[in-house]
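Trainee: I would like to look closely at a single part of this model. Please guide me through it step by step.

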Amino acid sequence: MARVRCITEMGMGVDVHGRDSTKAARRAVSDAIRHSSVGFFRMVGKTANDMFVDVTIGVPDPGSVDTAAVAKELPYGTVTVTAVKGGLEIPAEQGGDAIIIANAAVIVTLDDGKSG
């Protein structure tokens, strides 16, 4: 079965102290799903567990993101999280602290119901 894109949401998350890309990524996903239209699935005879959720996280250091921890922010569906180069790291005026800004694209798809 082919999958059909139903929902695309964007979010932004920040870690102000600690350079924690995972924390910023989790906040970005949480921000994105606050805007979500999951209630739409009831209208088409699907449950939230019928969803496939593909998340792309943009952060300055993609290797530092715990994708399993980010996936736990999503309460439904089959979740895949990928971290890519993006976001922002804003250095502090003094010292080693920095602000990490992550961006999240959350794309929800469903099977189209057609075999073939």
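Trainee: How many bridges join β2 to strand β5 (residues 98–111)?

Mentor: This is a predicted model, in which local features need pLDDT of at least 70 and side-chain atom pairs count only at pLDDT 80 or more, while totals for chains, interfaces and linings use all residues. Residues are numbered from 1 along each chain as its sequence is written, and side-chain values use heavy atoms, leaving out hydrogens and water.

Seven bridges join β2 to β5, and the two run antiparallel; strands are DSSP E runs of at least two residues, helices H or I runs of at least four, numbered from the N terminus, and two strands pair if DSSP finds at least two bridges between them. Strand β2 (residues 52–59) is also joined, by eight bridges, to the parallel strand β3 (residues 78–85). Valine 53 stands opposite valine 108 in β5 and opposite valine 79 in β3.

Helix α1 (residues 21–34) has buried residues, including Ala25, Val29 and Ser30, where buried means under 20% relative accessible area, exposed over 50% and partly exposed in between (1.4 Å probe, protein chains only). The buried residues of α1 pack against β1 (3–15), β2, α3 (67–71) and β5.

Glutamate 73, in the loop between α3 and β3, is partly exposed at 22%. Not counting residues up to four places away in sequence, glutamate 73 touches Arg26, Val29, Ser30 and Ile33, contact being heavy atoms within 4.5 Å. The side chains of glutamate 73 and arginine 26 make a polar contact of 2.8 Å, that is, N or O atoms within 3.5 Å, one able to donate a hydrogen and the other to accept it; residues adjacent in sequence count only if both atoms are side-chain atoms.
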